[in-house]
Amino acid sequence: MAPAPMPSALAFELIAKCSVTKARAATLLLPHGPVPLPIFMPVATQASLKGLTPEQLEETGCRLCLNNTYHLGLKPGQATLDAIGGAHKFQSWPHNILTDSADADVSFQMVSLLNLAKVTEEGVRFLSPHDGTPMLLTPEHSISLQNSIGSDIIMQLDDVIATTSPDLARMTEAMERSIRWLDRCIGAHKYPERQNLFCIIQGGLDLDLRRQCTKEMVARDTPGIAIGGLSGGEAKNEYCKVVDTCTGLLPEKKPRYVMGVGYPEDLVVSVALGADMFDCVWPTRTARFGNAVTSTGTLNLRHASFSQDFSPVEEGCGCVCCRPKEEGGLGITRAYIYHVAAKETAGAHLLTMHNVHYLLNLMKRARTAIVEDRYPMFLKEFFRKLYGDKKDLPEWAVTALRGVGVDLLAD
């Protein structure tokens with residue numbers, strides 16, 4: 001039997017709905033301030049977004065970022081977090097934090113290193129990546145760590161396996177175990193009045209399993225709902241089917257979080273399919289390789305062709321990196337990034353600011369388009385700029401958007 005509904009430390013205000021697609025604009029009211037939806041959430045794994053200070057992250061407009069429970073549990077450790085009063089104080093971040101269940105990191109290690117981890121009903125047994133020490137992660141311990149972190153949104157411990165796995169029996173077991181583990185997480189949660197526990201829908205690419213899991217998770221009435229286990233190498237058309245199926249079964253007045261998604265085209269399509277929240281390490285990780293995310297595609301600014309390109313990373317971008325000095329920015333050029341990207345940390349630092357700003361602003365523009373009920377046109381303009389000729393449009397995006405009333409190939 002499912003536990004009784006828990007208190008909620010959030011409010012979800014639905015602002016507008018697209019008249020064609022399933023896109024929504026909303027405001028998520030959390031303990032550390034309002035968050036506009038749809039939103040991309042940067043990943044500050046160890047209480048730090050690599051390359052940015054808290055003030056610089058704040059300047060990008062970010063009001064909700066991620067911390068990694070697993071890493072914070074190892075270092076600085078639960079005792080230190082309890083002593084200082086949680087991650088907000090520890091990292092000097094006045095805005096909202098979402099923590100994964102700690103299983104996200106462990107699980108994707110499990111997918112590639114199954115010999116190092118074992119999942120039982122008790123929890124996940126694995127070897128510490130630091131010193132090889134045997135460790136056990138249970139639903140109760142995951143929630144205890146997140147209670148100590150003090151994040152505004154916490155995630156249940158779930159059983160995750162690769163979506164590409166052909167083992168339907170194991171996929172079913174993982175889905176059913178995730179439901180049971182949610183019940184244990186709810187029972188272990190000490191601060192539901194100030195921290196919001198989200199459930200995670202599992203089931204791989206099997207739509208019947210996803211439907212079954214969604215029904216059970218919705219019955220638990222958690223403050224928000226995540227769609228997990230994706231971004232693991234599955235075909236994009238299969239990904240879209242899962243997101244579309246799940247959002248179609250979810251309550252209208254609760255936030256919907258698709259975990260691990262960060263490519264621009266994935267974001268705008270997923271919004272059209274009814275999702276609200278996303279996260280990914282990609283924009284920060286790709287910055288460390290000299291890559292800039294722009295409206296016309298990803299540019300590798302380490303390429304010699306940019307050595308004498310004195311234009312901003314992206315013309316018209318409002319990030320501090322691209323803005324001219326007379327407008328309060330740094331006025332950084334592509335040529336400068338080329339010069340420092342391969343040998344100085346400054347290049348990664350500047351591109352991180354740009355990339356995070358780009359994705360946050362992309363979601364801000366999407367929200368505006370939804371409010372003004374022109375999201376289908378926004379989608380067409382986005383894909384036209386990114387891909388140019390219609391013949392180059394990705395088939396998965398064309399198919400997924402056609403399913404919600406938008407034909408990218410039409411004039």
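D100 touches N67, N68, T69, Y70, Q146 and M155, leaving aside residues up to four places away in sequence; contact means heavy atoms within 4.5 Å. The side chain of D100 also makes a polar contact with the side chain of N68, at 3.1 Å. A polar contact is a pair of N or O atoms within 3.5 Å; within protein, one must be able to donate a hydrogen and the other to accept it, and residues adjacent in sequence count only if both atoms are side-chain atoms.

This is a predicted model: local features need pLDDT of at least 70, side-chain atom pairs count only at pLDDT 80 or more, and totals for chains, interfaces and linings use all residues. Numbering starts from 1 along each chain as its sequence is written, and side-chain values use heavy atoms, without hydrogens and water.

D100 sits in the loop between strand 6 (96-99) and helix 4 (103-112). Helices (H or I, at least four residues) and strands (E, at least two) are DSSP runs, numbered from the N terminus. D100 has 9% relative accessibility, so it counts as buried. Buried means under 20% relative accessible area, exposed over 50%, partly exposed in between (1.4 Å probe, protein chains only).

UniProt, in an unreviewed entry, places the feature "active site" at D100 and D279. The two span 180 residues in sequence, yet no two of their C-alpha atoms are more than 10.6 Å apart, so they gather at one spot. Such annotations may be inferred rather than shown by experiment.

D279 lies in strand 14 (residues 277-279). D279 is buried, at 8% relative accessibility. A polar contact of 2.7 Å joins its side chain to that of Y257.
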